Amino acid sequence: MTTWTVALVHHVTSLILAAPGIPDPGQGEAPPFAGPFVTVLRWGVYFALGAGVAGFVIIGGRMAIQHKRGEGGNHMSSLIIVGFGCIVIVSATAIVTGLVGTT
C-alpha cells in the first residue's frame, strides 16, 4: 500500500476504536408515510424488473436474428448492462426497505 492509504487506514481504525462515546440511535420508528412510500417503491420495482426482463427478451431476439444472418455481435455487453441494471434495482429496494424498516 502507498503511504497515504496506510495513514488513512490507521486514522480510521483509531477513530473506530476510540469512539465509545458515539450515541446509538437505536431502532427508531418509521415515519408516517413509510407504508405508502414502500408500496410505491414496490410498484416501481415491478415495472423496472419487468423492463429488465423485456430487455433480456429483446437481446435474445437480436442474438437469434444476427445468428441467422451469420453476423457476430456484442451480445455480452448488452447482457451485462441489463444484468447490472437489475442488480441496482434490487439493491436500491433492499436499502430503502431496510432504512424505512417495514417489510
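Reader: What makes a surface patch nonpolar here?
Author: A nonpolar patch joins side chains of Val, Leu, Ile, Met, Phe, Trp or Tyr within 5 Å, from residues with over 30% relative accessible area and no salt bridge. Keep in mind that this is a predicted model.

Reader: OK. Which residues make the nonpolar surface patch?
Author: Met76, Ile80, Phe84 and Ile87 do. The patch covers about 430 Å².

Reader: Where is methionine 76 found?
Author: In helix α3, which spans residues 75-100.

Reader: Does methionine 76 count as buried or exposed?
Author: Exposed, because its relative accessibility is 56% and the cut-off for exposed is over 50%.

Reader: And serine 78, buried or exposed?
Author: Buried. Its relative accessible area is 16%, and buried means under 20%. Serine 78 is in helix α3 too.

Reader: What is serine 78 in contact with?
Author: Ile59 and Arg62, leaving aside neighbours within four places in sequence.

Reader: How many residues apart are serine 78 and isoleucine 59?
Author: 19 in sequence. In space, their C-alpha atoms are 7.1 Å apart.

Reader: Let's zoom out. How many helices and strands are there?
Author: Three helices and zero strands in the protein chain. From the N terminus, the order is α-α-α.

Reader: How much of the chain counts as buried?
Author: 15% of its 103 residues. The accessible surface comes to about 8,200 Å². Carbon and sulfur atoms hold 73% of that surface.

Reader: What share of the contacts comes from residues 24 or more positions apart?
Author: 66%, counting contacts with a separation of 6 or more.

Reader: New topic. How many aromatic pairs are there?
Author: The count is one aromatic pair. The rings belong to tryptophan 43 and phenylalanine 47. Their centres are 5.9 Å apart and their planes are at 35°, so the pair is tilted.

Reader: Why give both a distance and an angle?
Author: Because a pair of aromatic rings is described by the distance of the centres and the angle of the planes.

Reader: How are tryptophan 43 and phenylalanine 47 placed in helix α2?
Author: They are four residues apart, so about one helical turn separates them. Both tryptophan 43 and phenylalanine 47 are exposed.

Reader: Last one. Which side chain does glutamine 66 make a polar contact with?
Author: The side chain of histidine 75, at 3.4 Å. Glutamine 66 is in helix α2, residues 34-69.

Reader: What else is glutamine 66 in contact with?
Author: Besides His75, Glu71, Gly72 and Gly73, leaving aside neighbours within four places in sequence.

Technical notes. Residues numbered from 1 in each chain as written. Predicted model: local features only at pLDDT ≥ 70, side-chain atom pairs only at ≥ 80, totals over all residues. Heavy atoms only, no water. Patch = residues over 30% accessible without salt bridge, like charges linked within 9 Å, V, L, I, M, F, W, Y side chains within 5 Å. Areas by Shrake-Rupley, 256 points an atom, 1.4 Å probe, with all protein chains shown as cover. Salt bridge = Lys/Arg side-chain N within 4 Å of Asp/Glu carboxyl O. Helix = DSSP H or I, 4+ residues; strand = E, 2+ residues; numbered from the N terminus. Buried < 20%, exposed > 50% of the residue type's maximum accessible area, 1.4 Å probe, protein only. Polar contact = N/O pair within 3.5 Å; in protein donor to acceptor, adjacent residues only side chain to side chain. Contact = heavy atoms within 4.5 Å. Phe/Tyr/Trp six-rings, centres within 6.5 Å; stacked < 30°, edge-to-face > 60°.
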